[in-house]
Amino acid sequence: MEKTPLFLGQILVHHNIINSTQLDQALAEQKKTGELLGHALLRMGFVKKEQAFLPLLAEKLNVELVFLKSIAISQEALKRLSIKALNHYKVFPFKFENDTLTVAMSKPQDIAVLDDLSMMAHARIKPALASEADIIEAIRIYYGLGAETIEKMMSGTEMMEQQTPVIQAIDELSSEASISQFLNQILSQAHRDSATDIHIEPFGDELRIRYRIDGELYDVQVPENIRFFHEALISRIKILSNLNIAEKRLPQDGRFKVKVSNSDLDLRVSFLPSAFGESCVIRLLNTFRLYDFDDLGIVGDERKLLNILINKPHGIIFLTGPTGSGKTTTLYSCLALINAEDTKIITVEDPIEYQLKGIVQIQANANIGLTFATALRSILRNDPDVIMIGEVRDFETAQIAIQMSLTGHLVFSTLHTNDAVSGITRLIDIGIEPYLISTSVDCFIAQRLVRLLCPACKSKTRLTEEMKKEFDVTSQISENHVIYEAVGCEACRMTGYSGRQAICEFLILDEKVKEMITLRSTSREIKQYVASKGMKTLRQHGLEKVLLGLTSPSEVLRVTGDIG
């Protein structure tokens, strides 16, 4: 089989896909790294896609070329080989007929591997060609994330069941090492899928693992036998988080850090006792990954407004919205823009979600008496120019924030309200006098996150009259204007969406709004006034993204449904 790389290279040169010089360079690289020639060619940029040479190779080898994502997989075929063999040889069985097992391979001409597989499967082996990436993905999908790890652990458990209890206790270390490996696989896959949360939930007959991606929860395919290792997995996470592994009756919260693919992740964990054992949620925070306004989708008029607001010498800017609407991320993007040598910025947060060089960040801790209000009193003695408060939750915190604004500081904070105008009502409800709001607050910004359409599969449609009524727009938008709806493909996990951006509404407190607040006008009256002055609502900003082809009408209506 030594001739395999040269054989493939000669085919590519013959069909003018690469030249002789590129082949020599790739062969030299392949010899050094030990990787497949095809991988070396892709990595060096000589070939753009694996599909460029797979059909040629299949034709020369006289084997079938298969794309595992688009063919039916036989359950009988899957039972013929162990997950260990599949991972070791990088093969995938997909059909079993007449005592013949058809196996997808990246090197179908490797006679030694074919012989090994034949002995393991007790069947004749018919090779087919597939890319190694497709094979690895198929193994993950059909056998579950970390299947080989669980298989090893199960074989270890079966061994221990035949031994005395003393041997079981001695073998705990090797079991923990396997659990560590499985946890690493869960975390790595979550990071690759851009998940924000991992949910580990025990039920009577299964252990369910789910990722939250783009705000939605998706099941992770895991081996059925993982349920036997639920307690070991929970204990491993607790050990990493420096929590009490013996305590299973009370909720616990902790955190730990890991490095995944050159990214530093800060993981916040929360444990809850349930009927079938402890449930765990892991929040993944990339503490060094900051987003600019382009990433957030804050462009055009919204960016101009925000630039004016964040460069004011004093005042308060409140971001409002439910949990998970990206408020803290937007605030950090603002701080990053004004972070300079001549500006002292201090934050008080619970928890610290991002780390910004040059900014003093305080972690609130109510257990030791370091509340938001306590920290804010000390902050004033540290001569700040800009202060960021993670959240205004009570009268005392709100009152100190207003005092800071009135004494010449620029203050950023968040509130949990449905829309911008409701921010005024929220402050009044917690005890702040209306005249203090009108004299200290510059702006309330309501925010939501909408999912972006997958560029690979989005489908053209039209904005109907019914849609116009939902968005409360007139006929100046033509029904012939092309918009897009979600479809779903392999690239987006059949969701139709990939990534998210913010939609915002800005309530600027001009003189009239301040007067209305002081006179205790109703939210409805204030909304009517700002609408007459051209304030763009969340739904209207979402419609702009629909018309740009970035998201779908149904997605905007979904995230703005609570505000009508």
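Predicted model: local features only at pLDDT ≥ 70, side-chain atom pairs only at ≥ 80, totals over all residues.
1. Let's start with β2 (91-97) and β3 (residues 100-105): these two strands pair in the antiparallel sense over six bridges. Strands here are DSSP runs of E, at least two residues long, helices are runs of H or I of at least four, and both are numbered from the N terminus. Two strands pair if DSSP finds at least two bridges between them.

2. Residues are numbered from 1 along each chain as its sequence is written, and side-chain values use heavy atoms, leaving out hydrogens and water.

3. Now zoom out to the sheet. It is open, has four strands in the order β1-β4-β3-β2, and its pairing is mixed. Helix α7 (residues 111-121) lies across β2, β3 and β4 (124-129), at about 130 degrees to β4. That angle is taken between N-to-C directions on a scale from 0 to 180 degrees, with axes fitted to C-alpha atoms, for helices over the stretch in contact.

4. K90 sits between α6 (83-89) and β2, and N98 sits between β2 and β3. K90 has a positive phi of about 55 degrees without being a glycine; N98, also not a glycine, has a positive phi near 50 degrees. Why point this out? Because most residues other than glycine have a negative phi. K90 is partly exposed at 28% relative accessibility, while N98 is exposed at 73% (buried means under 20% relative accessible area, exposed over 50%, partly exposed in between, with a 1.4 Å probe and protein chains only).

5. How many aromatic pairs does a search of the whole structure find? Three. (Rings of Phe, Tyr and Trp, the last by its six-membered ring, pair if their centres lie within 6.5 Å; planes under 30 degrees apart count as stacked, over 60 as edge-to-face and the rest as tilted.) One of them is F92 with Y142: the centres are 5.6 Å apart and the planes are at 50 degrees, so this pair is tilted. F92 is in β2 and Y142 in helix α8, so the pair ties together parts 50 residues apart in sequence. F92 is buried at 0% relative accessibility, whereas Y142 is partly exposed at 34%.

6. Another pair is F318 with F444, which is stacked because the centres are 5.5 Å apart and the planes are at 10 degrees. F318 belongs to strand β11 (residues 315-320) and F444 to strand β16 (residues 441-453), 126 residues apart. F318 is buried at 3% relative accessibility, and F444 is buried at 0%.

7. Finally, have a look at L331 in helix α15 (residues 327-338). L331 is buried, at 0% relative accessibility. Setting aside neighbours within four places in sequence, L331 is in contact with L319, M388, F412, S413 and T414 (contact means heavy atoms within 4.5 Å). L331 and G390 are 59 residues apart in sequence, and 9.2 Å apart in space from C-alpha to C-alpha.
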